[in-house]
Amino acid sequence: MDLPLIKLENLIIGYDKKGLLGSINLSIEQGQFWGIIGPNGGGKTTLLKTILGLIPPVRGKVEYGKDRSLIFGYVPQRESFDHIFPVSVFEFVTMGRYIRVPVGRRIGKEDRKIVIECLHKVEIPHLKDRPFRSLSGGEKQRTLLARALAGEPDVLILDEPTASMDIKGETAIMELIRKIKEEEKITVIMVSHFLNAVARFADHVAMVDKDDDFFRAGTIEEVFIGETLSRIFGLDVGIEWVSGRMQIISNR
């Protein structure tokens, strides 16, 4: 039997040896789409950074089943980048390729070919010579996606990929992410506060709230129930299925 791609075993997340909530046990399999949700300050980003190996666990462990090492393609919030950064879209995406380039070797013809392929995957090859700082919000998000894909990752990590977008922009980016996942057969882990986006696109969800010492993970159907959403978000909501897809609706 294959090992999980990522396994969290008796994991306690936190900082300076101080745990934020009780132990977490979670297995993420190849090809799954996980949403991580919870209130602001609930521990979502801490969990994400622990999975990435950016901060150590307080206790417990994170195991990677594929040769004990994984390549992560990390897509941070676009606001985290200096928008006056003086590079072209092509140069920006090329930065994501360096994880695959041995020390001492320069970016070569094959690497540049992969960068162009990634620009096509996110549907912006025509922007390759444009300055990154001149792009719209949606174009910047696509560029960040291309940069993450350039490293040919095993897991795509998304931190609020539709933050500050209108509904049209949010839908376009989420449909693109779903298309990439299906075509690349890649595992996706996404932090989001858009409950309906998670319900529509993810197949598994982890709900985190350190203030309530709450963690629950499973399929969308197992975790997204009105009682749990009410407890964590204070929402009077229900669940409705429309054309085979879950939607969260207000009961008010």
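Author: His-204 stands opposite Thr-219 in β11, and the strand to examine here is β10, residues 204–209. The model is predicted, so local features require pLDDT of at least 70 and side-chain atom pairs count only at pLDDT 80 or more, while totals for chains, interfaces and linings use all residues. Residues are numbered from 1 along each chain as its sequence is written, and side-chain values use heavy atoms, with hydrogens and water left out.

Strands are DSSP runs of E with at least two residues, helices are runs of H or I with at least four, and both are numbered from the N terminus. Two strands pair if DSSP finds at least two bridges between them. Such pairing in a sheet goes through backbone hydrogen bonds, either parallel or antiparallel.

Strand β10 shows both senses. With β11 (residues 214–219), β10 pairs in the antiparallel sense over six bridges. The two strands form a hairpin with four residues between them, and Asp-213 in that turn has a positive phi of about 45°. Strand β5 (residues 33–37) runs parallel to β10 and is joined to it by four bridges; here Ile-36 stands opposite Ala-206.

In a regular strand the side chains alternate between the two faces of the sheet. In β10, His-204, Ala-206 and Val-208 point one way, whereas Val-205, Met-207 and Asp-209 point the other way. Six of the six residues of β10 are buried, and the strand is mostly covered. Buried means under 20% relative accessible area, exposed over 50% and partly exposed in between, with a 1.4 Å probe and protein chains only.

For contrast, consider another sheet. Three strands form an open sheet in the order β4-β1-β6, with antiparallel pairing. Its edge strands, β4 (24–28) and β6 (59–64), each pair on one side only. Between β1 (residues 6–12) and β4 there are four bridges in the antiparallel sense, and Lys-7 stands opposite Ser-27 of β4.

Rings of Phe, Tyr and Trp (its six-membered ring) pair if their centres lie within 6.5 Å; planes under 30 degrees apart count as stacked, over 60 as edge-to-face and the rest as tilted. A search of the whole structure finds two aromatic pairs. One of them joins Tyr-64 and Phe-72 edge-to-face, 5.9 Å centre to centre with 70° between the planes. Both Tyr-64 and Phe-72 are buried.
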